[in-house]
Amino acid sequence: MARCVAFFLSTMCLVSVITAADWNIMNQRMKSTKSSLEITLKNYCESWRMNVELNNIRDFTVVPSECTSYIGKYMGGTQFTVDAEATIHECTLYLNTLCDLKKDGKDAWIFDIDDTLLSLVPYYKKHGYGGETLNVTCLEEWMTKGKGTAMGSSLTLFNDIKNRGIQIILISSRKEHLRSATIDNLVDAGFYGWKSLYLRSDEDGFKTVQQYKASVRSELINNGYRLWGILGDQWSSIRGLPTARRTFKLPNSLYYVA
C-alpha cells in the first residue's frame, strides 16, 4: 500500500512538473493556431516582432522572455541594418521625386532622437534587450553620459536633408533637464546644424508622447512651416494630427512608447 501511495505521489509530481514546464508562450500559441505547421521559437519571436512593427501589439512593458535573445540579435545585427537602410532609401526617393521644395526657410523635416538618430541598443543590451521593466532613472542617468551611438543610415539622411536647405526639427520625448547632455551626444555623434530641438517640459508630462509631439507639429505649422516628412522609431512619433505629408518608421521592438 505504501509503495502504491509513493508511486502515485511521484507520478503526480512528475505530471505537475511537466505541466508547469509545458505551459509557456510557445505552447499556448501552438494550441491556439489551426495550422498544422510546426511553429519554432524563432517563428514565434519573428511573428511577435513583426506585429509590434505593424502596431498590432501595443502597450507592452517588456519583451517576452523567450524572445529577448532573438530581439537582441535582430536589433544589433545585419537584418536591422538592412531594414533601416531600406527605410532611409524610401525617404530619399520621396525627397527626390515628390517634394516641391520652396527653399524659403519654411521647408522642414522632423526627426525623433532615440533609436532614430542615437541608438539606445547599448543600454538595452545591458538590460536584457527589453526583457526588464524600464527603469527611467537608470536610463536617464545613462543618457547624461552621452553614450548613444550614431545610427549610420540616419546620419546620411540627416546630412542629405541639411544640404538640401530643409530645416531640421528634432522632437524628442526626452525631458528638458537632459538638453545639454542630448546636444553634446548629438554633436559628438555627428548630428549638428538643426533648426530647433524640442524636449518635454514639466507641463508636457501630462500629455501622452503622441499628444505632445502632435502639439509641437501644430505649433510648427502655425508658424508657417511645411512639414515634408517625419522619421521616427515609434508610432507615437508619427501618428496624431496634424502630421507631415509623409511619415517613415524605423524598426524597434525593444520597447513601446505611447
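These legends describe close-up views of a predicted model.

Residues are numbered from 1 along each chain as its sequence is written, and side-chain values use heavy atoms, with hydrogens and water left out. In this predicted model, local features need pLDDT of at least 70 and side-chain atom pairs count only at pLDDT 80 or more, while totals for chains, interfaces and linings use all residues.

**View 1. The open parallel sheet.** The order of the 5 strands is β5-β4-β1-β6-β7, with parallel pairing. Strands (E, at least two residues) and helices (H or I, at least four) are DSSP runs numbered from the N terminus; two strands pair if DSSP finds at least two bridges between them. β5 (196-200) and β7 (246-249) are at the edges with a single partner strand each, so one side of each has no neighbour in the sheet. From one strand to the next, the twist averages 20 degrees, with axes being lines fitted to C-alpha atoms (for helices, over the stretch in contact) and angles running from 0 to 180 degrees between N-to-C directions. Between β6 (residues 226-232) and β7 there are 4 bridges in the parallel sense; Gly232 stands opposite Lys249 in β7.

View 2. Leu186 belongs to helix α9 (residues 179-188). Its relative accessibility is 0%, so Leu186 counts as buried (buried is under 20% relative accessible area, exposed over 50%, partly exposed in between; 1.4 Å probe, protein chains only). Apart from neighbours within four places in sequence, Leu186 is in contact with Ile113, Leu117, Leu118, Leu170, Phe191 and Trp194, where contact means heavy atoms within 4.5 Å.

**View 3. Aromatic pairs.** The structure holds 12 aromatic pairs. Rings of Phe, Tyr and Trp (its six-membered ring) pair if their centres lie within 6.5 Å; planes under 30 degrees apart are stacked, over 60 edge-to-face, and the rest tilted. Tyr94 and Phe248 are tilted, because their ring centres are 5.8 Å apart and their planes at 50 degrees. This pair joins helix α5 (residues 78-97) to strand β7, across 154 residues. Tyr124 and Tyr255 are stacked, at 5.1 Å centre to centre and 20 degrees between the planes. One aromatic cluster is formed by Tyr94, Trp109, Phe111, Phe158, Phe191 and Phe248.

**View 4. Charges over rings.** The charged end of Arg49 is over the ring of Tyr74, 3.9 Å from its centre. Lys106 lies over the face of Tyr225, 4.4 Å from the ring centre. The criterion is NZ of Lys or CZ of Arg within 6 Å of the ring centre and within 35 degrees of the ring normal.
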